[in-house]
Number of protein chains: 2
Amino acid sequence: MAEQGYALGIDLGATTVKAGVVSRAGEIVARAERATEPEKGPAGVAENIALAGRDALRAAGLELSDLDGVGVGTPGICNVDEGVVVSSGNLNFKNVPLAALVRERLGVPVRLENDANCAGLGEQWCGAARGHDDVILYTLGTGVGGALILGGRIYGGATGWAGELGHICVDPDGPECTCGLKGCLEAVASATAMARAAREVVAAGRSPAMARLASEQGGRLDARVVITAARGGDPEAQQILRKAGEYLGLVSAMLVSALNPELIVIGGGASHGGEFLMEPMRQMIARHAMPGPASVVKVVQASLGNDAGLIGAATLVWR
Amino acid sequence: MAEQGYALGIDLGATTVKAGVVSRAGEIVARAERATEPEKGPAGVAENIALAGRDALRAAGLELSDLDGVGVGTPGICNVDEGVVVSSGNLNFKNVPLAALVRERLGVPVRLENDANCAGLGEQWCGAARGHDDVILYTLGTGVGGALILGGRIYGGATGWAGELGHICVDPDGPECTCGLKGCLEAVASATAMARAAREVVAAGRSPAMARLASEQGGRLDARVVITAARGGDPEAQQILRKAGEYLGLVSAMLVSALNPELIVIGGGASHGGEFLMEPMRQMIARHAMPGPASVVKVVQASLGNDAGLIGAATLVWR
């Protein structure tokens, strides 16, 4: 079959389904969104994916026959070969054949992959990791996601869990994580962890800057406040980002010694902390990673923002 | 060209070149050894490899034309595609085209790979990791080597350093390592580290058992003494192995979360510590690795002993 040159990329979140028609050149031609409604179960979610996809196609002035296929980025653990979501707490899915459910509704080939892995693929295809075959990606959001691109491909491990970098233990005596373990990277370096640290600092009256910024947005003290305050010169906010960067750097140092990557990319909302995060990461890598691989690796910020997952999902179709 | 069914496997050490004629079934048909003599430089070492290889062939009653090729396992960092030893402190090699130097002397195809990676390939081909595609191997000797088999293949990373697991930092405030960093796995869990711990215990008069075993072999207090004493019930010796096992387990927990392997194999001389090492490894993995991948992975002892590297080197020819 001749290639049509378009794919539908789906970024499936617990709240929203984002759909985008993506060209072979990596451009998002049109978009649409629908509510995910996980409470309606797998068939309901698949229906909403199909509706969002049709909306995006219509907005692009295209038809289903113009598509080479659909790629879905989903939270949770996937069996990529069989198109099954093995488990996703956010969606309340357990062994859901999501690819088949979407294919039934759209009649085109459907592939799926973990959402953080899709973000990695997006950045590799046309973002910060373009041209690199050995890449570690962190996504810093509510949690810490991750992706390992090894030898040019997403590495999923024996059962699809590989790249779950947020649950690497970085401090055996550290705070409890949502997963039940202690001192996971996610528990100390996610946007959630940054916000928690900021609330403590503000409660202790140590950062008038963050207190003011939070009150300006109705009292919501989130990672965005920390980043804005840090840019404005607030030392407490800078210290929160530095600490998160050091933890990211400690995990990265281990991964650099073990995996010898070319590039470490940080994405997700909190990655806008930029150099406040990346400079301590580089310092920890220089201090704790093996000198050979440490001299090779670069730490950079993701460049596709929130579109990385959607664009990466589309690439599944052409892989 | 029809396959002959034999390969020459070379295990190149700083002191000794071990050569073995290996059959397609993984059997070592004949062996030979020569001194490595790294002081004679790359050409001298290549000559000794060729001599050991010819000796082994003769012992097997075979000729060069019976070989499908030669595989060389070498210490240090390799550019596998180009057959170059990029750097090896033990051999004092820097960018040595070793494959070409050996090919000149034997006239058959030559491939090379890092020695710990060869041990991993050997165990995967016909040892403890047979039938497994996602494997982490540690070799516990003077140092701690490692190999990552990911998706069925050795993963070398961007520049050949991947799998150097001995230099993963496991205790940022720990003892200094030969590499210049602090708290590397090698500095706390190698046979050398075990022997150092044993010397302290014996000097403090806390282990008559190890003192006696050491005196029986002329005062040499090495990891073998620790292992023998532990088997005999000496609590101090058991504690040394437990401590090493816990460090191995802590690094393994991180790697299990990141890479989701099926199997962790421990090889090398000190792996004879067996359950005294592996049980604490499993405990640390259960405590600090993400529950999903932790439930999948098994920790086992290597089964090919000192032959793993030689057998694995031979497999390079048929890959």
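**View 1. The contact between chain A and chain B.** In this predicted model, 34 residues of chain B are in contact with 34 residues of chain A. On chain B, helix H8 (235-259) and helix H10 (291-296) each supply at least two residues of the side that touches chain A. H8(B) gives the most to that side, with six residues. Sorted by class, the side of chain B that touches chain A has 22 nonpolar, nine polar and three charged residues.

**View 2. The surroundings of A:Cys179.** A:Cys179 lies in the loop of chain A between strand E11 (153-154) and helix H4 (185-189). Leaving aside residues up to four places away in sequence, A:Cys179 touches A:His167 and A:Cys184 in chain A, and B:Met290 and B:Pro291 in chain B. A:His167 is twelve residues from A:Cys179 along the chain, and their C-alpha atoms are separated by 7.8 Å. A:Cys179 has 18 other C-beta atoms within 10 Å, so this residue is partly exposed; a buried residue would have 20 or more.

**View 3. The crossing of helices H6 and H7 in chain A.** The axes of helix H6 (residues 208-216) and helix H7 (residues 223-231) of chain A come within 9 Å and cross at roughly 130°. H6(A) is therefore oblique to H7(A). Their crossing is right-handed.

**View 4. Residues that meet between H6(A) and H7(A).** From H6(A), A:Ala209, A:Met210, A:Leu213 and A:Ala214 meet A:Val225, A:Val226, A:Thr228 and A:Ala229 in H7(A). By class, this contact has seven nonpolar residues, one polar residue and no charged residues.

Conventions: Residues numbered from 1 in each chain as written. Chains lettered and ligands numbered in written order. Predicted model: local features only at pLDDT ≥ 70, side-chain atom pairs only at ≥ 80, totals over all residues. Helix = DSSP H or I, 4+ residues; strand = E, 2+ residues; numbered from the N terminus. Buried ≥ 20, exposed ≤ 12 C-beta atoms within 10 Å, placed from the backbone. Contact = placed C-beta atoms within 7 Å. Nonpolar A, V, L, I, M, F, W, Y, C, P; charged D, E, K, R; others polar. Axes fitted to C-alpha atoms, helices over the stretch in contact; angles between N-to-C directions. Parallel < 35°, antiparallel > 145°, perpendicular 65-115°, else oblique. Left-handed = near helix turned anticlockwise from the far one by under 90°.
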